[in-house]
Amino acid sequence: MHVMVLGAGITGVTTAWYLRQAGFDVSVIDRQAEAGQETSFANGGQISVSHPEPWANPSTPFLALRWLGRHDAPLRFRPQASLSQWRWALSFLHECLPWRALHNTEAIAALAVHSQRELQRVRVAAGIEDAYDARQQGILHLFFGATEFRHVPARAGLLRRLGIETTVCTPAECVAIEPALATMAPTLAGGLHAPGDETGDAMHFTRALAAVLARDGVRFHYGTTIERIALAGTSVDGIEVRDSHGRKGTLTADAYVVCLGSFSPLMVRPLGERLPIYPVKGYSITAPVADPARAPQVSLTDESRRIVCSRLGDRLRIAGTAELNGYNQNIDPARGRGILEWAEKHLPGAIDPAQAQLWAGLRPATPSNLPIIGKSRCGKLWFNTGHGTLGWTLACGSADLVTGMIEGRQTVVQFPVREAG
Ligand SMILES: Cc1cc2nc3c(=O)[nH]c(=O)nc-3n(C[C@H](O)[C@H](O)[C@H](O)COP(=O)(O)OP(=O)(O)OC[C@H]3O[C@@H](n4cnc5c(N)ncnc54)[C@H](O)[C@@H]3O)c2cc1C
């Protein structure tokens, strides 16, 4: 059976890996010249199992009001005359209800724990352990306000119940775990250390895995833009594509998996499928480490500013901000400056700011932050998309889940998959 994966980001390439391991004949289509060139290109690098709480939680509406009008706001809503944007925003508010937030946290945690185990298996099986600046030194969540920090022991308790071990730390304990925090320690209220979390460059991982797959017979149609998913009756009949020379054609398979990130809902809308995915823009800077002693080895999450920082070999990646502004991919230099200022304030001397590369990507966000994994209403069509803030963290587990569904195999994770339309 031939399965065609639409999209070669982290989600599509891991899906191709699991399908190939299950014995399917696999091909992959992507408009870019190689794998991992869109949202998976320069993300925060965190395998953040210890952060299953979605953005949609009871405190977010109040924080969003407080941030309103601030140019450096971690979350920014730019209202547009777009029904899909308003529908998404209303649904997001619904997911902020305490019981919805708890349900979503539990589901994400189950998938994240499974996914990390799967990632550890995949990198060994594919022989790419050294290909993506992987680091198993945990994540330290940092809290700068005493009020925020008061809730941290309860959060650690919830994580423990979900099978995720963390430790609540004083500022001095944070510095003992990561000496590069010495400068910021006086401003810290405390931290939450997740020693089991990991980091790595998602793009390098995606590219390395794609190269292994290509050697194993998976066919990659790069530079190939998907124009339309064609139907015959209620079943997919083929994928209408255009190559980089403008030549049109139709590619066919026995089944298709949509892994098109933020572009998934646009592609399936004409089929009558309304996926609740909206692009949420985020920024990152990647800069060479200037002083290794000042550049943290342990990954950091500034919980107040929603900024993450990961050491990737001799580079530091600092990422954050969320902007609901449609498919606009313009890079706002002010957002980059905000991230650089964060680095200069908290980790002075760690990077060479003159060589910092600014990047922006569109997170394929669902209101709940739960990815959409499972069957479409249309025959032969499957989804593995909408991974929002956690696509790197959830990639291998999600790919395992969707492959299990295609194979008809029982999966081990308690996750609300889409059984049918
Ligand atoms: C600033 C930022 C920081 C982040 N930090 C983290 C983090 O630390 N940890 C974490 O787990 N997650 C993080 N994320 C989220 C993560 O990066 C995403 O969830 C993930 O990259 C989504 O992967 P994807 O494969 O679904 O989408 P993509 O990587 O966008 O892949 C989709 C692919 O589909 C292709 N495509 C789209 N339309 C077409 C078409 N019409 N024809 C052909 N091809 C098409 C694209 O070329 C692309 O390659 C972050 C995101 C951002 C923006």
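Biologist: What does Ser 91 count as, by its relative accessibility?

Modeller: The general idea is a scale of relative accessible area: under 20% is buried, over 50% is exposed, and partly exposed is in between (1.4 Å probe, protein chains only). At 28% relative accessibility, Ser 91 counts as partly exposed. Before going on, note that this is a predicted model, in which local features need pLDDT of at least 70 and side-chain atom pairs count only at pLDDT 80 or more, while totals for chains, interfaces and linings use all residues. Residues are numbered from 1 along each chain as its sequence is written, and side-chain values use heavy atoms, with hydrogens and water left out.

Biologist: Where is Ser 91 placed?

Modeller: Helices and strands are DSSP runs (H or I, at least four residues, for helices; E, at least two, for strands), numbered from the N terminus. Ser 91 belongs to helix α3, residues 83-95. Sequence separation and distance in space are separate things to read: Ser 91 and Thr 366 are 275 residues apart in sequence, and their C-alpha atoms are 9.0 Å apart in space.

Biologist: How many Å separate the C-alpha atoms of Met 4 and Arg 335?

Modeller: The separation is 37 Å, for two residues 331 residues apart along the chain. Met 4 is in strand β1 (residues 2-6), and Arg 335 is in helix α10 (residues 333-346). Met 4 is buried, with a relative accessible area of 1%, and Arg 335 also counts as buried, at 3%.

Biologist: With which side chain does the side chain of Arg 335 make a polar contact?

Modeller: A polar contact is a pair of N or O atoms within 3.5 Å; within protein, one must be able to donate a hydrogen and the other to accept it, and residues adjacent in sequence count only if both atoms are side-chain atoms. For Arg 335, the partner is the side chain of Glu 323, at 3.2 Å.

Biologist: Which residue has a positive phi of about 70 degrees although it is not a glycine?

Modeller: Most residues other than glycine have a negative phi. Thr 321 has a positive phi of about 70 degrees; Thr 321 is found in strand β17 (residues 315-324) and counts as buried at 9% relative accessibility. Arg 306 is another such case, with a positive phi of about 60 degrees. Arg 306 sits in the loop between β15 (299-302) and β16 (307-312) and is partly exposed, with a relative accessible area of 27%.

Biologist: Which residues come nearest to the ligand?

Modeller: A residue is near a molecule if one of its heavy atoms lies within 4 Å of it. Of the 35 residues around the ligand, Asp 30, Ser 40, Gly 44, Gln 46 and Thr 393 come nearest. Some polar atoms can be read off individually. A polar side-chain atom of Thr 11 is 2.9 Å from an oxygen atom of the ligand, a polar backbone atom of Arg 31 is 3.1 Å from a nitrogen atom of the ligand, and a backbone N or O atom of Gly 388 is 2.8 Å from an oxygen atom of the ligand.

Biologist: How much of the area that the ligand exposes when taken alone does the protein bury?

Modeller: Accessible areas come from the Shrake-Rupley method with a 1.4 Å probe; for residues, only the protein chains shown count as cover. The ligand alone exposes 1,000 Å², and the protein buries 97% of that.

Biologist: Why does the ligand lie between domain 1 and domain 2?

Modeller: Domain bounds come from an automatic or database domain assignment. Here the assignment gives domain 1 (2-40 + 204-275 + 370-407) and domain 2 (46-98 + 134-197 + 278-365). Both domains give residues to the shell around the ligand, so the ligand lies between them. The domain centres, taken over C-alpha atoms, are separated by 29 Å, and 16 residues of domain 1 are in contact with 16 residues of domain 2.

How values were computed:
Contact = heavy atoms within 4.5 Å.
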